[in-house]
Amino acid sequence: MDCLARMNKGRLSKVIYFVILIMLIMPICFQIQNFVSFKKLEGVYEITNLPMVSRRSFLSGEFQSNFEKFMQDNIKLRPLLVRIHNQIYYWIFHESKAVVIGKKGELFTQEYIDAFWGKDFVGEKEIQEKTDLAILANLKLKERGKHLIFVLAPSKADVFPEKLPYKKSQISPDTKTNYAQYSIFLKDHGLSVFDFNKEFKQNKTTAVYALYPKCGAHWSEYWMIDSMNQVFAGIESQGQIKMHQIITSGWDTPTKERASRNNELELLMNLLLPMQCGQIYYPVIRVSKGEDEIKPNVLVIADSYYGTFFRLGLERQMFENYAYYYYFRTLKDLNNEENPQSIENLDIDLELRKFDFIIVMHTTHSLQNLGYGFLEEVCQLYNC
Amino acid sequence: MSFVSLTFLIVFLPVVLFGYELIPRTSRRLFLICSSIAFYAWGVPQFIPILLLTLTFDFYIVRILHKSNNATLKKLLCLFLLGLSISLLAYYKYTNFLFETFSFIPAFGDHTFNILLPLGISFFTFHRISYVIDVYRGSHPPFEQFSEYLLYILLFPQLIAGPIIKFKEIADQITNIALVQITNQAKIKGFTRFCLGVSKKVLIADLLSPFVASVFLANPSQIGTGTLWLGVLGFAMQIYFDFSGYADMAIGLATILGFKFPENFSNPYLSTSVGEFWRRWHITLGSFLREYLYFPLGGNRNGRISTYRNYIVVFFISGLWHGASWNFVVWGLLHASMIILEDLNLGKIYHRIGPVVSGFLTQMFVLLSWVYFKVENLVTATQYIKSMFMWRKGNDTIPIEPSVLSVLLLANAICLLPLVAKSKWWNSCKSKFPQFNLRIQLISQVVLSLFGWIISLAFLLANGFSPFIYFKF
């Protein structure tokens, strides 16, 4: 190699090594700058705070492992790099750590699949005990002029097992699930039950509009409203009242926020490039108000499935007094979803006096704890 | 501090490499010692004083040994220092093992001791032994300065996971580190090697780890035969890519810093005999044991019985060195048995049946012996192997994800690549492609390495990230 070529090669190596050093130092540089930031990762997750260092924690290695976790959670490049990882994982393995990818890209969450397979079955003894508790709670509430209504919301895994990714998407007839037992027990013991899991399974081949968004975990708006209208019809019947009606018509163009609710599982995958989630029907929704119609007082105790209705903001048009107790642990407030109030701060006895109708909504997954603790609370208050 | 921790990759490594570029050459040794102590202190700070004390002791006693003309004194000092090193290792690593093994003796009873194991003690004990013996034999004079000895033992690239570097191989490199002109080409080469190691560890070994762990945690008599075989194959790939990945990282880092470390792996899964396997797997360990144990025992100079006895001793020690548990000893002795058999007749049979069949048989043996390496309980390990040869349909408790199969396939393909590279077909294909000039080759290598580094970082960061759709109680 002649002298000039050697010089050029030396210069090239110098530049390359300099670039390498810059790349190595880039994460630290990113951390201390405030000009560039990446979109926060979707989903609910914990962020570790900077650990306190003490002689004991350093000598035991506790500080070092907590610091490693702190770095993992707080590095500013994390959203970009996690998305790179998730995108590669999806492209190569067609898998995601956050969701279950079914056939033709249908998305599910693992807990509903586990519920479908009966992996979370609580046992017949507990189911009987909880049913008995529900019966007693219902009696006590009836004595006070309140109506207890159970709603079994439809689970995507239950309704569309053929779309699950596993070879065995059929469960054997003798598989015991919480849903299968409760759906029979509650009705057989005279409780007011709306079983939309059964209804969706029956209607899935004839439904004009999609029952679920491809990339969503929850029922579609259209079918949720249809189901809620049935529940309101039940309230009307039980309370001998006439309520406002929710009417759906035409095609609405959803806001970004409304559309994102139907792509929640795709968002949870935290990909670099969006998945094809297909179209979903967004009806124009309005509440029709007749002269002799009244707004009942309704308390809803539910998991995230009621959130589909809650986020439409229709409660104030449909109900007089209303509240949504999420898992009977926090009080949901549309204006302050980030920092919900804890139920522990409420006087449940006082609160219950405001409501005439109490809807307890479950999906197959949350049936592990029928009533979320509400039934026990009622029995404790009213001496079942 | 692990090489694949964020603390190392994002904080320690850039700071050390930048610092190394900026400091004067004469300060390199001190800089590396301080970095290495910081590296070790991040893991187990409480052992630093003990370590420094014992190393100081070693250094000055070895000087006395070297200067002495009295052969008996030299021998005594050598044995004393060896005894000290081995005693320290025995105390930290094997106390509970000894008490467990001899618990039937009343004096030992049913004790367990809460003894924290110093990181890398197995490796730096061997380095101390090498130092003492090489000086005793006159293979190389001892270091003039204590800082040189400190650097030999504590140099962070090899401190916690090797390779095992004999004193005489690296002594001059350490002494002359201030004089070495580290070219940018060498640094780039070191970096690409380091990135290769990171990729092997994070993108292959770590992806196989959860599946392998779930297979070996389960009861082998309840898992399908296919899953058992995939479990062992997964472990074979996991341990190879993990260990060789670490070796690549160590060698790469050393190259950047101006050192040349010996290779530690050379396509071990292409071996056609167990003897060959040990010339390709953990090469530096084999070399160390050969030089400092096998040869002093007599090697193969005193007839077959003596040779075979030496094999057994060496592999017994090798097994025990890997872990304080009888399954490691069994694993070591199994390999010793195979080497003895190969020496007796099996080697001739291998020669007759050809490299493909002998290679297959060798890898089957290696695969099955890995079960004893992985499973601590000997009964369970034996049960595992038995279950591998009894057809049983799985019960789906351990799902075999496509990702696991893909990574396993990729790992196997990488192991077989050298065979392809040697083939006539490959050479004829190569001649048809244009030869890119060195500059383009260099840039491509670096780009690929940086790509591997970024992807590995992404996988490391995503590892602990598992969001929920909504807050769950």
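**Buried helices and paired strands in a predicted model**

In helix 16 (residues 374-382) of chain A, the buried residues are A:Phe374, A:Leu375, A:Val378, A:Cys379 and A:Tyr382. Viewed down the axis of helix 16 of chain A, these buried residues fall within an arc of 135°, so they line one face of the helix. The model is a predicted one. The elements that cover the buried residues of helix 16 of chain A include helix 6 (124-143), strand 3 (147-152), strand 7, helix 15 (348-352) and strand 11 (357-362) of chain A. Just after helix 16 of chain A, A:Asn383 has a positive phi of about 50°.

The axes of helix 6 and helix 16 of chain A come within 9 Å and cross at roughly 50°. The crossing of helix 6 of chain A with helix 16 of chain A is left-handed. On the side of helix 6 of chain A, the contact is made by A:Lys130, A:Leu133, A:Ala134, A:Leu136, A:Ala137, A:Lys140 and A:Leu141. On the side of helix 16 of chain A, the contact is made by A:Phe374, A:Leu375, A:Glu376, A:Val378, A:Cys379 and A:Tyr382.

Strand 7 of chain A pairs with strand 11 of chain A in the parallel sense, over five bridges. Within this pairing, A:Met361 in strand 11 of chain A is the bridge partner of A:Ala302. A:Tyr324 in strand 8 of chain A stands opposite A:Val300, and A:Tyr325 in strand 8 of chain A is the bridge partner of A:Ile301.

Strand 8 (residues 322-326) of chain A is likewise described as mostly covered, with four of its five residues buried. Two bridges connect strand 8 of chain A to strand 9 (residues 330-331) of chain A, and the two strands run antiparallel. The bridge partner of A:Tyr326 is A:Thr330 in strand 9 of chain A. Strands 8 and 9 of chain A form a hairpin with three residues between them. In the turn of this hairpin, A:Tyr327 has a positive phi of about 55°.

For chain A as a whole, the secondary structure comes to 16 helices and 11 strands. Of its 384 residues, 51% count as buried. Among contacts in chain A with a separation of 6 or more, 74% are accounted for by residues 24 or more positions apart. Taken along the principal axes, the C-alpha atoms of chain A fill a box of roughly 100 × 55 × 50 Å.

In chain B, two helix pairs that involve helix 10 were considered. The axes of helix 10 (residues 225-257) and helix 17 (residues 402-422) of chain B come within 10 Å and cross at roughly 55°. Helix 10 and helix 17 of chain B are therefore oblique to each other, and their crossing is left-handed. From helix 10 of chain B, the contact is made by B:Leu230, B:Leu233, B:Gly234, B:Met237, B:Tyr240 and B:Phe241. From helix 17 of chain B, the contact is made by B:Leu405, B:Leu408, B:Ala411, B:Asn412, B:Ile414 and B:Cys415.

The axes of helix 1 (residues 6-22) and helix 10 of chain B come within 11 Å and cross at roughly 25°. Helix 1 and helix 10 of chain B are therefore roughly parallel to each other. B:Phe8, B:Leu13, B:Leu17 and B:Tyr20 in helix 1 of chain B meet B:Leu253, B:Ile256 and B:Leu257 in helix 10 of chain B.

A loop residue of chain B was also examined. B:His282 is found in the loop between helix 11 (274-280) and helix 12 (283-297) of chain B. B:His282 counts as buried because its relative accessibility is 0%. Residues up to four places away in sequence not being counted, B:His282 touches B:Phe123, B:Ile164, B:Phe243, B:Asn264, B:Phe265, B:Trp321 and B:His322.

How values were computed. Residues are numbered from 1 along each chain as its sequence is written. Chains are lettered from A and ligands numbered from 1 in the order in which they are written. This is a predicted model: local features need pLDDT of at least 70, side-chain atom pairs count only at pLDDT 80 or more; totals for chains, interfaces and linings use all residues. Side-chain values use heavy atoms; hydrogens and water are left out. Buried means under 20% relative accessible area, exposed over 50%, partly exposed in between (1.4 Å probe, protein chains only). Two strands pair if DSSP finds at least two bridges between them. The arc is that of the directions from the helix axis to the C-beta atoms. Contact means heavy atoms within 4.5 Å. Axes are lines fitted to C-alpha atoms, for helices over the stretch in contact, and angles run from 0 to 180 degrees between N-to-C directions. Angles under 35 degrees count as roughly parallel, over 145 as roughly antiparallel, 65 to 115 as roughly perpendicular and the rest as oblique. A crossing is left-handed if the near helix is turned anticlockwise from the far one by less than a right angle, and right-handed if clockwise.
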